[in-house]
Amino acid sequence: MFPFINIFSKQISTYGLCMLIALFLVTYLVSLKAKKKDVPGAMIILIAAMVFLFAMLGAGFLYLIVTYPIDYIISEIISGSFNFNIGLVFYGGLIGGIGGAFVGAKIARVKLMELEDAIVPYIPLGHAIGRVGCFLAGCCYGMEYSGPCAVYYPNSIFGLSPDVGYFPVQLLESALDLCIMGYLLLYSTKKNKTKGELLFEYLWLYALMRIFTECFRGDAIRGVFSGFSTSQWVSIGMILASILFKIFVIIKEARSKKEQI
Amino acid sequence: MAVASLVLGIIALVFCWMPGGLSTVSLICGIIGIILGALGSRTEKKGAATAGLVMSIIAVALGLLTFAMCGGCVACAACTSACAAF
């Protein structure tokens, strides 16, 4: 599609530009909400920087382990040649980013879970913008498709045939991410939530969406195991974790009601 | 911390235009500069901390654009070999 654009005679990656817009916009929106809880903007920027760092490391690491055999990765690291193609997987970025948020909050001396309502609803917004970047770059592409809204990549840098149409799965994921954001913004207004409740609400919703959209993906390079893609397996794990958390919340609420009686 | 953030911000800005591994240097210096600048904003040297924070943010932004040219979501042998030529 448009993997590069020219700005002041310099070739700029559209994917990188979208990542930048996502990072800045999400950090700005989170800092607006965090101000109401007396958390300075500089601390939100610090947490955002750690999230970005850990997300990139996590996304790259997961891409490596699903693309290359583990013994090849170890031998390349030991030999120092690092002969890898670089890529990113969202789930690695999400898990890494959550870890980065906790590390950043520890450094900033901020209670992260008190910012849950400020941060979690905007994670799918950042992802939605990133998916637009994927659409422009031509990566994370959909399956071959010739129906309405089929997308053609005349100058693909991923070796896609210019005469074949592909399903615009990146735009579908972006639209569904925005729907999840809207739902989470409404859910965040619910009173007496348990710590972690909004995060797990996002995780199971996104996991369900991902299992669905993976059926329309065409880039099998990310790994397929027993008929399910890597992301579908991670999504199943996320849904199970969310169910366990929900059971924990129900038991906790039942116990506190018993104590009140 | 404020002065360290300023220094790292300057270094990150210098390296952010360079492709491949050098833009990674700007990303790393920039992120550390952001951390030190944010923590330094709580101290007396707020001006230096803010300057370091702003420069580090700009360097990370520009470094990210340069890095995404050569890496990012691009699983492309042609791109990585072009970067290796630098």
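This is a predicted model: local features need pLDDT of at least 70, side-chain atom pairs count only at pLDDT 80 or more; totals for chains, interfaces and linings use all residues.
Q: Does A:Glu173 count as buried or exposed?
A: Residues are numbered from 1 along each chain as its sequence is written, chains are lettered from A and ligands numbered from 1 in the order in which they are written, and side-chain values use heavy atoms, leaving out hydrogens and water. Buried means under 20% relative accessible area, exposed over 50% and partly exposed in between, with a 1.4 Å probe and protein chains only. A:Glu173 has 1% relative accessibility, so this residue counts as buried.

Q: How many residues apart in sequence are the parts that A:Arg217 and A:Glu173 tie together?
A: These two form a salt bridge (a side-chain nitrogen of Lys or Arg within 4 Å of a carboxyl oxygen of Asp or Glu), with their closest N and O atoms 3.5 Å apart. A:Arg217 sits in the loop between helix 8 and strand 3 of chain A and A:Glu173 in helix 7 of chain A, so the parts they join are separated by 44 residues.

Q: Which residues are joined into one network by salt bridges that share partners?
A: A:Arg217 also forms a salt bridge with A:Glu214, at 3.8 Å between the closest N and O atoms, and both residues are buried. Through shared partners, one network holds A:Arg131, A:Glu173, A:Arg210, A:Glu214 and A:Arg217.

Q: How far does helix 4 of chain A reach from its first C-alpha to its last?
A: Helices here are DSSP runs of H or I with at least four residues, strands are E runs of at least two, and both are numbered from the N terminus. Helix 4 covers residues 90-108, and its 19 residues would be expected to span 27 Å, taking 1.5 Å times one less than the number of residues. The model comes close to that, at 26 Å.

Q: Which residue of strand 2 of chain A is the bridge partner of A:Ile7?
A: Strands 1 (residues 4-7) and 2 (residues 10-13) of chain A pair in the antiparallel sense over four bridges, pairing being called where DSSP finds at least two bridges. Within this hairpin, A:Phe8 takes a positive phi near 50°. The partner of A:Ile7 is A:Lys10.

Q: Where in chain A is confidence highest?
A: The mean pLDDT of chain A is 85, with 95% of its residues at 70 or more. Strand 3 (residues 224-225) has the lowest mean, 69, while the highest, 94, belongs to helix 7 (residues 169-187).

Key. pLDDT is the predictor's confidence in each residue, from 0 to 100.
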